[in-house]
Amino acid sequence: MPTITIREALNQAIREELARDERVFIMGEEVAEYDGAYKVTRGLLHEFGNKRVIDTPITELGFAGLGVGAAMAGLRPIVEFMTFNFSILATDQIINSAAKMLYMSGGQFNIPIVFRGPGGSALQVSSQHSQALESWYAYFPGLKVVMPSTPADAKGLLKSSIRDDDPVIFIEQERMYGLKGEVPDDPDFTIPLGVADIKREGTDCTIVARSLMVPLALEAAAKLQEQGVSCEVIDPRTIRPLDIDTIIESVKKTNRVVLAEESHPICGVNAEISHEIMERAFDYLDAPVKRVSGADVPMPYAKNLEQLAVPDLEKIIAAVREVAYLD
Amino acid sequence: MASKVIMPKLSPTMEEGQIVRWLKKEGDKVSMGEPLAEIDTDKATMEMQALANGVLRKILINEGESAPLGQLIAVIGDPNEDIASVLAEASAPAKKEPEPKQPEPPKAEEASPPAQPSSPPPPTPRTATDNGRQGGIADSGRMIVSPLAARMAADSGLDLRSIQGSGPGGRIIKRDIEQALTRPKAGAAVATAASGYRDEPATQIRQIIAKRLVTSLGPVPHFFLTVDIDMDRAAEMRESIKALDPDLKISINDIIIKCTAAALMQHPPVNASFQEKFIRYYEHADIGVAVAIEDGLITPVVRGADQKSLSQIASEVRELAERARSKKLKPEEYTGATFSISNLGMFGIDEFTAVINPPEGAILAVGAMTSKPVVRDNQVVVKQMMRVTMSCDHRVIDGATGAKFLQTFKKILENPLYLVV
């Protein structure tokens, strides 16, 4: 299997789906002539032409709405946000149109659209350009929310998202585009939405992590193994629908849970997962469910403060040691 | 309807209370919630409130006197009501009433961890002051137990109140249950003891002696009594039995077991066990026989040795020892003896002391039987002599008690005919 970056894996996924289905097209700011702000769409304009790969003006609400309309008309748009921070401008189209159209049209209109782009914390770009928004979108029935953490997951999940008949929010981690990993080159390789992946098996504590937290959790698990604690690392990969069963099975085995996320703790995705664990595995818990989240403050610009605001290896290790009653 | 006023539990560790002052006199009207008396608990002086309306008819415990929890201390009733039957109950010998409406410790299935702050306090360091705290009860007085631990305890029938939590704030967690499950169950030895027994309250002085001796000498305060025994007749008896029937294989040790059992029946205070608040006297002699095995020793038990014949004892010991060496004994076969014998004679040991196997009260260390010159009727003669040393738990056996037992034991062993008369 070739080893490629997440950026290349996403590019492969889009290229393969553009080639596979002529209803698929991609649009967004700088996706065509400039090859994308993060170079995810490199070479696609040249290969597929300007009817399939379209540069838009800086009007997120406008082109998101254009995408919803195109989807209603039978196309399968991929809408790239330069970053998910700018999707905030498009939320009326995403939430009120894309998410609800199937329901409000009495099942007449599927919206097979993918809104994708980088999200989560970035480095020293301050409060407005460094934040995790997945809990916003996961809140709404009608949307699917996907967050890959490896090149293979990025490719397999993006292909499934493009083929899915419902609107999908596909959040790539801005700092992970260069992360390398083995990716199958089979054009039919896909990963189904709604299936969690056990990234590492263990017996003493379950760490649920997504996106940027997955490599950190794996590193923490390796360090904790040296301290005699065997951690199981689970990446849900899809926030909605959430594969809670895999998490519950793991908790029943380990009896202890740490939930890691970049986003703010209040009303975050892990608040929901924590509740599900309490409800479904209460009798299996040997310690309170522990969350490791981003700080409850706007992301600071100052490097030292920024480091304090984002979960790191030490915080995850400390949380596991706490629920394992080691300290 | 007369209403009983009983000594209430006013502190978590209170066992009895002293009336400092009655705030009402006999004949005074009282209403529910009104202060009735001041009571000195082990911690502080607390006000006791009336739990009924009426007239304080009778005060049973005067100021300065104490009463245990639950004891009737006064009666509230209508002015003309006959309270004789209620009073009769009070004069009956100390029958402990169930405690009044006290908050019960939560049941396992009801217990749930309280909301924890995002960083729970560090585990409470175990200090000497923690010893008085009941297992699993946090400082708040509430039992804290993880849901998993609660379920595990319920599944395995463990009483959470007997477990000390090692988690933050005394929370009982999985590892505490696992540890509790690997510990032998309290009382298991008693449950498997075949002998019946009677429990007599340990007197105050016995309890004080026990505590003092423990602090001076260790958990079981040993003392040792040694005596020489003329084994000529015992050896003779063994030979005679052999001559009678070569299939009857009786060892000297079997005879020692039988004589020990016979002597124990004559000295119940030695066939006893110190149980902190009471002393347990066993009805039968269940004799533990120390057997050396590959990686240590084990004491299979000959149950009711006082009622068994020598040949029964002999075959049973042989069979138990064999299975002890092949590690096939069941737990009930090596626990719950009332008295033990350790014999190192076969190793040529003349004399030694053995360590008591708690909760037994004593153990007999038996040395080798050897020919020795002794003086009899002013003549030096050669006799088969054997030296035994009994280790006694001083909390239950005193020097003279042990000595009298050994006297009897020596008498029987030197004249085994006593076994049949």
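**Notes on the predicted model**

1. Chain B, overall. Taking the contacts in chain B between residues at least 6 apart in sequence, 66% join residues at least 24 apart. The model is a predicted one. Chain B holds 10 helices and 19 strands, and of its 421 residues 34% are buried.

2. Sheet in chain A. An open sheet is built from seven strands of chain A, ordered S3-S2-S4-S5-S7-S6-S12, with mixed pairing. Its edges are strand S3 (53-55) and strand S12 (238-240) of chain A; each has a single partner strand, so one side of each is left without a neighbour in the sheet. From one strand to the next the twist averages 20 degrees.

3. Strand S6 (residues 144-146) and strand S7 (residues 168-173) of chain A run parallel and are joined by three bridges. Val146(A) has Phe170(A) in S7(A) as its bridge partner.

4. Helices on the sheet. Helix H1 (residues 6-20) of chain A packs on the sheet, where it touches strand S2 (24-28), strand S4 (76-80) and S7 of chain A. The direction of H1 makes about 130 degrees with that of S2(A). Helix H7 (residues 151-163) of chain A lies across S2, S4, strand S5 (114-119), S6 and S7 of chain A, and runs at about 160 degrees to S7(A).

5. Helix H4 of chain A. Which residues of helix H4 (residues 91-98) of chain A are buried? They are Gln93(A), Ile94(A), Ser97(A) and Ala98(A). Viewed down the axis of H4(A), the buried residues fall within an arc of 115 degrees, and therefore line one face of the helix. An α-helix has 3.6 residues a turn, so residues three or four places apart point the same way. What the buried residues of H4(A) pack against is helix H3 (60-72), helix H5 (101-104) and S5 of chain A.

6. Strand pairing in chain B. Strand S17 (residues 339-343) and strand S18 (residues 362-376) of chain B pair in the parallel sense over four bridges, with Ala365(B) in S18(B) as the bridge partner of Ser342(B). S18(B) is also joined to strand S19 (residues 379-393) of chain B, by 13 bridges and in the antiparallel sense. There Ser371(B) has Gln384(B) in S19(B) as its bridge partner. S18(B) and S19(B) form a hairpin with two residues between them; in the turn, Asp377(B) has a positive phi of about 50 degrees.

7. Contact between the chains. Chain B contributes 10 residues to the contact and chain A nine residues. On the side of chain B that touches chain A, helix H2 (residues 147-156) of chain B gives the most, with four residues. By class, that side of chain B has five nonpolar, three polar and two charged residues.

8. Nonpolar cores. The largest nonpolar core has 109 residues. Those with the most contacts inside this core are Ile207(A), Ala217(A), Val258(A), Ala260(A), Ile316(A) and Val320(A). Helix H8 (residues 213-226) of chain A gives the most to this core, with seven residues. Leaving out residues up to four places away in sequence, Val258(A) touches Cys205(A), Ile207(A), Lys290(A), Val292(A), Ile316(A), Ala319(A), Val320(A) and Val323(A). Another core, of 58 residues, lies apart from the largest one and includes Ile250(B), Leu264(B), Met369(B) and Val388(B).

Technical notes
Residues numbered from 1 in each chain as written. Chains lettered and ligands numbered in written order. Predicted model: local features only at pLDDT ≥ 70, side-chain atom pairs only at ≥ 80, totals over all residues. Pairing = 2+ DSSP bridges. Axes fitted to C-alpha atoms, helices over the stretch in contact; angles between N-to-C directions. Contact = placed C-beta atoms within 7 Å. Nonpolar A, V, L, I, M, F, W, Y, C, P; charged D, E, K, R; others polar. Buried ≥ 20, exposed ≤ 12 C-beta atoms within 10 Å, placed from the backbone. Arc of directions from axis to C-beta. Core = buried A, V, L, I, M, F, W, Y, C linked by C-beta atoms within 7 Å.
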